[in-house]
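Please open the structure in your viewer and keep the selection panel at hand.

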Amino acid sequence: MSLQKTVPEASCPAAFACRLPLRFGAGFRLRRLAVLAGWLLVPSLLVAGAQAHSPLHFLTAAILVAALWPVTTRSGEVLWDGPRVLVRRYFRFVLLSPDQVEAAVVTPPSFRRQSLVLKLRRPLHLSRYVYCRLAPGTVCDAWALVHDRDWEPRGSHEPSRV
């Protein structure tokens, strides 16, 4: 029996700390499967376009690449394990250093979906942003992560904390 099931959340002083590690990124595997299928379709469109001498196939491949590129490079999964924050890009998790994240935000609900967005100081595998969709039960935990790490976006009018 796991510790999560034996300790009720109400008795824990910090409810989110009792449930660590937390994984953000609902639907990650299904999204990766759809992206992989899209990337496998691009070469077949190019080959079919070359054989049929049809510019429509090349145009369709270009539109597909334009749609797949941001989803491929920016979507990910975030694993919060107490002091460590890891980001999955492609196939493995990468440890984020505390100073690597410039800002983070939980997006407002859109079509009953919310996302955790991390803006990195340096690109991580082709993108400075990490988007991960939140499951309904993890929205408060995502806010806790953002506030715990002091990743709230700072405007140019606010003095930075030292």
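**Core, then surface**

Select F24, V78, L96, L116, L118, L145 and W151: these have the most contacts inside the largest nonpolar core, which has 24 residues. A nonpolar core here is a set of buried Ala, Val, Leu, Ile, Met, Phe, Trp, Tyr and Cys residues joined through side-chain atoms within 4.5 Å. Buried means under 20% relative accessible area, exposed over 50%, and partly exposed in between (1.4 Å probe, protein chains only).

This is a predicted model: local features need pLDDT of at least 70, side-chain atom pairs count only at pLDDT 80 or more, and totals for chains, interfaces and linings use all residues. Residues are numbered from 1 along each chain as its sequence is written, and side-chain values use heavy atoms, with hydrogens and water left out.

Helices (H or I, at least four residues) and strands (E, at least two) are DSSP runs, numbered from the N terminus. With five residues, α5 gives the most to this core.

A second, separate core has five residues, including V35, L45, A61 and L68.

Centre on L116. Leaving out residues up to four places away in sequence, L116 touches F24, V78, V105 and L145, among others (contact: heavy atoms within 4.5 Å).

Now go to L30, in helix α3 (residues 28–52). Is L30 buried or exposed? L30 is exposed, at 65% relative accessible area.

Finish at P98, in the loop between β4 and β5. From P98 to W151 the C-alpha distance is 9.8 Å, although they are 53 residues apart in sequence.
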